[in-house]
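Please look over the sequence and the 3D structure shown here before reading on. The text below then goes through a few places in turn.

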Amino acid sequence: MRRTPALLAKLVAAVLVAGTVTAVAGTLLIWNLARSALQAEVSQGSAALAEELAIRIDGRLEAVADTLRVTATRGALTQPPPAAADAVRATLAASASYDELVVYDADGRPVAAAATRFLATPEDYPPRPGLVAGVTVGPQLAVLDAFPPVLEAAVALERPAGTVVGALLARLPLETVAEPIHQGNPSSTAVRFLVDGDGRILVHPDRDRVAEEQRFPPATAGGLARPTVMDVDGVPSLVAIAPTRLLEGAVVLQQPEAEALTPATRQLRQMTAALLATMIAAVAAVSVAGSYLLRPLRPLADAVARLERGERGVSVDVRTADEIGQLARQFNQMAATLDRRRDEIEELHRLSLLLGSRADRGEVADDIARGATRLLAADASAFLSGDDDNPRPAVLSGSADGRAVRAVAQACAQERTAVTQRGAAGENLLAVPVAAGEEGGGVLVVARAGDAFSDEDVHLAEAFASFAGVALQTVRRLELERALVHELQEAVDRKRDLLTGISHELLTPLTCIESFSSRLLDERDPPRAAERARLAAEIHQQASELDELVTRLLDLVMTERGQRSANTSAVPLRTVVSSAVAALEPVLGDRPVDMDLPEVQVLADPVLLVRVLTNLLSNAVKYSPPGTPIAVRARQQDGAVRIDVVDQGIGIEPQAAARVFKPFWRGPQEPTRPGMGVGLALAADYVHVMHGTISVDSTPGEGSTFTVTVPYAPQT
Ligand code: ADP
């Protein structure tokens with residue numbers, strides 16, 4: 001069973017593609033945004049930490065300076081140098097902040113020194129003339145090249161009168177000063193170190209790197225405006241630099257960029273995974289939703305498949321009023337129409353087979369009317385034939401208003417196209433022409449009270465009418481063939497009869513001749529003279545009849561070959577008739593012949609016309625009781641002369657009237673009478689070549705009138 005996977009698949013695929021594209025684009029966008037944001041956040045964090053560390057270092061230096069100031073202020077330098085030295089030593093012993101203290105006099109010469117780690121005699125300390133040049137109170141910081149780096153801090157003091165009386169110097173290991181850079185934010189993996197104003201490393205966790213040159217030139221310019229990514233030892237690194245205020249240098253935070261962004265990358269991965277999961281969930285949701293939405297279409301798809309297989313009565317339940325419900329309703333309508341059309345086609349096929357099997361026009365006409373009633377669900381149908389102006393109902397199936405049927409049939413026959421009308425009683429009428437070629441078909445009229453005829457009905461009726469027309473033609477051909485076969489059979493029969501007749505006709509005179517001649521030749525009892533004469537006359541007579549017989553047969557052959565011609569001239573009618581009557585005198589005997597002949601001339605071959613009349617008169621004698629009168633009448637009629645030969649004999653059956661002129665046709669009782677059935681055929685041929693006509697009007701048992709017309713020849 002076919003489902004609707006294609007639609008569902010397409011829907012899901014479309015959503016998938018759209019979703020994937022959106023998700024990928026979104027992920028890329030978010031990735032970039034998030035990366036930038038996180039980078040910025042990490043940078044800001046680094047910058048803040050670097051600044052804080054710088055501030056702390058400054059704080060530490062401030063503290064050193066404060067202590068020096070306090071020491072100096074306490075009087076170490078207000079006393080004479082030896083005493084000051086003692087005071088310094090005491091101060092150093094009391095303070096944990098300094099490793100050593102040196103006291104210089106106003107000339108910059110060391111006068112006292114105290115140390116916990118280093119040399120502690122004033123001689124160990126070079127003079128510091130610069131110190132006495134200072135006029136401000138505060139730390140003057142310098143960096144020594146020696147290792148370990150040591151920060152030298154000094155305070156120069158002057159008397160209120162403006163005379164510097166001494167300077168106080170503290171030498172601190174730089175590690176101590178830079179100690180704060182190791183404090184705080186232990187989670188950061190950034191390497192923290194201190195550089196001097198030239199970018200040379202002063203303090204670094206990796207001691208080997210101390211004093212490395214010029215690593216971070218921006219530090220000299222007071223640090224970086226903001227952290228930046230730069231190449232450090234071939235590794236892209238995030239670098240934050242914050243300058244110290246009191247120490248000419250800067251705190252540097254350096255971290256490989258990948259490491260700095262690790263948390264961000266992790267977050268982004270999580271985000272991507274979440275996005276993917278959301279996408280998969282969305283696809284699943286769309287599939288389920290699509291399947292749910294498309295489920296109502298499945299019965300429809302199944303129904304279409306059943307329809308394809310040719311099932312009848314296919315329909316689907318209409319459950320909703322939405323588009324799918326509407327689709328289902330339209331499908332049901334379509335399926336019903338399809339069923340109806342199939343029924344119609346099958347019915348049409350059945351009817352065409354039925355019509356094709358008919359051999360009789362009446363049956364065909366009957367089938368046409370009945371079939372149309374069934375095919376078009378009509379109340380009545382009629383098949384009408386006849387001429388266009390006056391179609392006659394041949395067959396009527398069911399009842400219908402005859403006048404309305406004739407009217408629509410007439411309109412259809414005249415227009416030669418389908419016509420629909422409404423009858424007086426409101427019934428619908430449809431007429432379609434039934435064309436049957438030369439033979440003429442007719443008109444099929446269908447009537448029904450209900451629905452009006454649609455275009456489909458008209459087409460159906462026209463299709464049926466074309467089948468009907470073919471059937472009518474077929475039947476007509478069959479009828480013609482049957483008639484031909486019948487005619488041929490008759491001709492064969494006639495020829496057989498003829499042979500029998502000829503044999504008989506020939507045999508009779510031949511037998512006579514043979515017996516008469518035998519008598520003549522009888523030597524034992526020779527005939528006397530009188531008998532010989534009689535026998536000779538008989539033999540002559542029989543020979544003449546044979547001659548006549550053979551002549552007529554040859555004459556007939558001429559007729560059948562169409563070889564005859566007439567030698568016409570104007571001849572007086574009375575002369576011709578008299579010749580015929582005279583020639584028949586032996587046959588007529590005392591039979592009265594009533595003649596009524598005008599004094600006219602006819603345009604005819606006198607020999608042939610005499611033969612025609614002789615034949616008609618001899619038949620009148622042959623086929624009427626002895627003694628009954630025979631009449632020959634003539635009159636002028638429409639440029640011709642009409643001659644009637646009338647007898648009161650046995651007459652001819654109406655259906656045989658046309659056949660009497662066919663060669664070898666003889667009436668049913670004729671075997672008892674002499675003849676071969678060629679006389680009238682010859683007469684018809686003679687008349688024909690003289691441009692005349694011949695016909696018979698007869699009533700069986702009462703008599704016959706044979707009428708011949710020949711052209712009238714005006715007197716000159
Ligand atoms: P035949 O007389 O030799 O049979 P015809 O051709 O003259 O041949 O006539 C054909 C047939 O027509 C006859 O066999 C006969 O049945 C019918 N027929 C001809 N003339 C008459 C007539 N006057 N009255 C009745 N039947 C006739």
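Predicted model: local features only at pLDDT ≥ 70, side-chain atom pairs only at ≥ 80, totals over all residues.

Residues are numbered from 1 along each chain as its sequence is written, and side-chain values use heavy atoms, with hydrogens and water left out.

L29, I30, L33 and M271 make a nonpolar patch of about 360 Å². A patch consists of residues with over 30% relative accessible area and no salt bridge, where nonpolar side chains (Val, Leu, Ile, Met, Phe, Trp, Tyr) are joined within 5 Å and like charges within 9 Å. A salt bridge is a side-chain nitrogen of Lys or Arg within 4 Å of a carboxyl oxygen of Asp or Glu. Accessible areas come from the Shrake-Rupley method with a 1.4 Å probe, and for residues only the protein chains shown count as cover. Helix α1 (residues 5-76) gives the largest share of the patch, three residues. Helices (H or I, at least four residues) and strands (E, at least two) are DSSP runs, numbered from the N terminus. I30 lies in helix α1 and has 34% relative accessibility, so I30 counts as partly exposed. Buried means under 20% relative accessible area, exposed over 50%, and partly exposed in between.

Next come the helix pairs. Two packed helices are described by the angle between their axes and the distance between the axes. Axes are lines fitted to C-alpha atoms, for helices over the stretch in contact, and angles run from 0 to 180 degrees between N-to-C directions. Helix α15 (residues 606-622) packs against helix α16 (residues 679-689) at about 150°, with the axes 9 Å apart. The two are therefore roughly antiparallel; angles under 35 degrees count as roughly parallel, over 145 as roughly antiparallel, 65 to 115 as roughly perpendicular and the rest as oblique. Helix α13 (residues 573-583) packs against α15 at about 50°, with the axes 8 Å apart. This makes α13 oblique to α15.

Last, the loops. G313 sits in the loop between α7 (297-308) and α8 (323-357), and is exposed at 55% relative accessible area. A377, in the loop between α9 (361-375) and β11 (380-385), has a positive phi near 45° although this residue is not glycine. D638 lies in the loop between β19 (630-637) and β20 (640-646), and its phi is near 50°.

Notes
Buried < 20%, exposed > 50% of the residue type's maximum accessible area, 1.4 Å probe, protein only.
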